[in-house]
Amino acid sequence: MAEPNELSFQGGLAPSNPLEQAAIVLLCMGEEPAAAVLRCLSREELLEVTQVMSRLSGIKVDAVRDAMQHFFDDYREQSGVHGASRSFLKRSLDLALGPDIAGSVLNSIYGDAIRPKMARLQWAAPKWLAERIGSEHVRMQAVFLAFLPPAQAGLVIEALPVASRDLVLLHMARLQEIESELLIELEEIVARCLDELGTQSALVEGTRQVAEIINRMSGDKRQMVELLRAHDPRVVSEIEVSMYDFFMLSNQSEAVLTRIIEEVSMEQWATALKGAEPTVRDAILRCMPRRQAQSFEDQLRRAGPVPVSRVEQTRQDIMAQVKALADAGEIEIQLFAEAVVE
């Protein structure tokens, strides 16, 4: 029997979508040809298709045959005439315009030669990249970040010293055409990063991990916290902050939740409860007056999609308000889900 997180095509059923078909075709190709295909994908595409590949299980011969048939049907529909390769155009343009002008024309067609190398850095941790460019002058930092995907560049900027972030962004905004000297310097930096990429360290959120472990421990969790506090009060304070997870609201008494609901605006709840676990959502709604709860549920249904980053930030803001109420002695928070007896 397939595991719950596996995709299983029993009884010869064909894969249900093109992504699953692509995963089967890649598995049938063998390692080296599949690797050549995967190198052409973006980070998001690669993660998506490899996740499906890892979950495939119990694939019948008919399902494989159908996937391969779809692939070759699509292939046969192609004309067989492809656009000129870069090497073909380079040879032609070298003869027509000379190597220097040909290189400039090719870069305008295919994008700068540095981009494929920069694409490999999308797997590097933002903090690691920030450390690698931290000693470079601000203009070079801006050039480096300009060639990264915006989402990754944003994370790298957040990992840079606060005092320099505005200057980096300003220099990046002023970039239009990059001189060849800067590109040569950039290639040297990228080459060093790629050489060291395999040695980057793994990032572990120790306090978050300990908070999660303690929350799941059986027995007297509070005693464990106090034992840790005797060793290092500062670290335990960080652990307790991590324990103020949004899910802990489901463990609070009705009186505590009522006070929290009074403190937090309905707009914040509408955002924070997007995609929340049913236990949290039900706990909050149960403590609202009936009319308010009905109105709020209607508001949730009508609300459109909300970015995950905004949801997470709103939840953090709410938990900061909860901690402030607890620190002021207005509420008594139950950090742990404790066993009860009737």
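Arg234 is exposed, with a relative accessible area of 52%; exposed here means over 50%, buried means under 20%, and partly exposed is what falls in between (1.4 Å probe, protein chains only). The model is a predicted one, in which local features need pLDDT of at least 70, side-chain atom pairs count only at pLDDT 80 or more, and totals for chains, interfaces and linings use all residues. Residues are numbered from 1 along each chain as its sequence is written, and side-chain values use heavy atoms, with hydrogens and water left out.

Arg234 pairs up with Glu238 in a salt bridge, their closest N and O atoms being 2.8 Å apart. To count as a salt bridge, a side-chain nitrogen of Lys or Arg has to sit within 4 Å of a carboxyl oxygen of Asp or Glu. Arg234 and Glu238 are four residues apart in helix 15, so about one helical turn separates them. Glu238 is partly exposed, at 35% relative accessibility. Helices are DSSP runs (H or I, at least four residues), numbered from the N terminus.

Helix 15 covers residues 233-243, and its buried residues are Val236, Ile239, Ser242 and Met243. Looking down the axis of helix 15, these buried residues fall within an arc of 110°, so they line one face of the helix; the arc is taken from the directions from the helix axis to the C-beta atoms.

The structure holds 11 salt bridges. One of them joins the side chains of Asp62 and Arg65 (2.6 Å, N to O). Asp62 and Arg65 are three residues apart in helix 4, about one helical turn. Asp62 is partly exposed at 39%, and so is Arg65 at 47%. Another salt bridge links Glu196 with Arg132 (2.8 Å, N to O). Glu196 lies in helix 12 (residues 180-196) and Arg132 in helix 8 (residues 126-133), so this pair ties together parts that are 64 residues apart in sequence.

As for disulfides (pairs of cysteine sulfur atoms within 2.5 Å), the count comes to zero. Cys193 is buried at 2% relative accessible area, and Cys287 is buried at 14%.

Notes:
Helix = DSSP H or I, 4+ residues; strand = E, 2+ residues; numbered from the N terminus.
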